[in-house]
Amino acid sequence: MTNRRSIGAVILFSMVIAAVFNFRNVVNNYVAIGTLAAPIFLIATILYFVPFTLVIAEMVSLNRRSESGVYQWVKSSLGGRWAFFTAFCYWFVNLFYFISLLPIVLVYAGYMILGREWAIQPWLIAVLSVVIFFIATYVSTKGARWIGSVTSLGSTLMMVMALLFIVAGVGALLGGITPANDMSPGGMRLDPGSGITAWAFLGTLAWIIQGVGGAESIGGYLNDLKGGVRAFVRTIVVAGIAIGLLYSVGTWLMGVFVKKSSVSYSNGIFVTMQSAAGHFGLSGDLVVRGVGLIMLVATLGGLLIWTSAPVKIFFSEIPDKVFGKRVVALNDQGVPVVGAWIQFAVVVPLLFIPTLGAGSSIDDLLKIVTNMTAATALLPPALILVAYLVLRARFEGAVREFRFGSRVVGLGMSIFLLAVFAVAFVASTFPEGQALWLTLAYNVGGVVVFLGASLLWYQRYLRRLRATSPEEAAAELAPSAPIRSEENAQALREEEPEGVGTSA
């Protein structure tokens, strides 16, 4: 077995932070429910992010000799059909992520160039977003090596900005500032006069869960990590707690400088940073332009990575006969070019549909697409949790180095998380105040059409496979946990020094 363990815990820690933390999530949730988002972020970290990362760690441990992607995790207990469906969902969710990411690129560019919000019609945003996405798709197929550098620079700058904001907020409180909002625990509640109902609050839970999500994106790095599974578990748990604290403290400190009613999804971070700069006697215009630059670089880096990574993972993981060898074929840069342009063709119409219900407000547009992104983002982790539930129920004896507690603990936590996901998914899919036609056509229709089509397409592949090789079709549908278990037992025997026993 090749020794690929070349990165340490510090590097993995920074990768988790870069994959999960985004200051925009702080702003979005403060705009939605105020400082109540602060304790909710912390609760979500403890009850969702940390347990989910431990679930991922166990799935990775079971699939230690593979690259341990989403497809392999789900196939372990549910077989090829649901593995394909989950991998498709992971790619499908990313389509809606583009719908929220591309318009915000224009917002950040406007603040960087003009120093203020750019008054632009939603339909024009959609047109310009198509142009940006075309360029991003073209660049991603060329496998530009500098993409990683852009992402690293953007995430580092965003982290520094977040930490500076936290220091500024604490400093202002210690300096005797009168907060714009009630900072006491009593202020962290739903204000009956705010118009926010319990249903609307439940909808924002999907945003918060999405905000602390992303653990599955770093699951494939176990084979590269010094220290193996145990180091992986320690690192992601510490990183998860750190992210939860950053989100919670950052959201709470938003109330130091700005009232919830004075910020929106498009201008929240700029209004807040300008107010903080003014308190310390700094030039608000320079700070706004600087924040615009930081957010633009971070967002462009994310756009380039997410344009190539999910399409590469999806089309390279699934059996090549599902869509045909031409679609999954990789170029010399390791990118499925045809798959990337199929992704572009699917995203273009999705960019225009929300503009029909957004009126003339970019803020309404961002709220619509953020809701849809958050709702669909719950699908892949929910399916992973179902696979984990079945793993602990049917394949408890499968050999792996790490287990998330006893069988009862694993089953109980997965059932609890699935129940939370179900409530949050329904509430965010049917947001309060959104036009019914838009909800049915976009939130519901988009999911039903795309996911239904994927299952029909897979059934087509399976039917053809059964006609040529019934044995291969049966193997495709069978759970791989027993096979993985035998591979792991052999690997542990090979790695263990002579005379030393192994333990799960």
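Two residues are in contact when they have heavy atoms within 4.5 Å. Keep that in mind as we walk through this predicted model, in which local features need pLDDT of at least 70, side-chain atom pairs count only at pLDDT 80 or more, and totals for chains, interfaces and linings use all residues. Residues are numbered from 1 along each chain as its sequence is written, and side-chain values use heavy atoms, with hydrogens and water left out.

Let's start with the whole chain. Its secondary structure comes to 19 helices and zero strands; these are DSSP runs numbered from the N terminus (helices H or I, at least four residues; strands E, at least two). Of the 504 residues in the protein chain, 55% are buried, meaning under 20% relative accessible area, with exposed being over 50% and partly exposed in between (1.4 Å probe, protein chains only). Among contacts with a separation of 6 or more, 81% link residues 24 or more positions apart.

Now to the interior. A nonpolar core is a set of buried Ala, Val, Leu, Ile, Met, Phe, Trp, Tyr and Cys residues joined through side-chain atoms within 4.5 Å. The largest one has 134 residues, and F23, M161 and I269 touch the most other members. Helix α5 (residues 80-114) gives this core its largest share, 21 residues. Beyond its neighbours within four places in sequence, M161 is in contact with F23, I269, M273, V291, I294 and M295.

Rings of Phe, Tyr and Trp (its six-membered ring) pair if their centres lie within 6.5 Å; planes under 30 degrees apart count as stacked, over 60 as edge-to-face and the rest as tilted. F23 and F165 are edge-to-face because their planes stand at 80°, with ring centres 5.6 Å apart. F23 sits in helix α2 and F165 in helix α7 (residues 146-174), so their pairing ties together parts 142 residues apart in sequence. Both are buried: F23 has 1% relative accessibility, and F165 has a relative accessible area of 2%. Elsewhere, F84, F88, W91, F323, W457, Y458 and Y461 form one aromatic cluster.

Finally, follow the chain from α2 (23-33) to α3 (37-62), where T35 lies in the loop between them.
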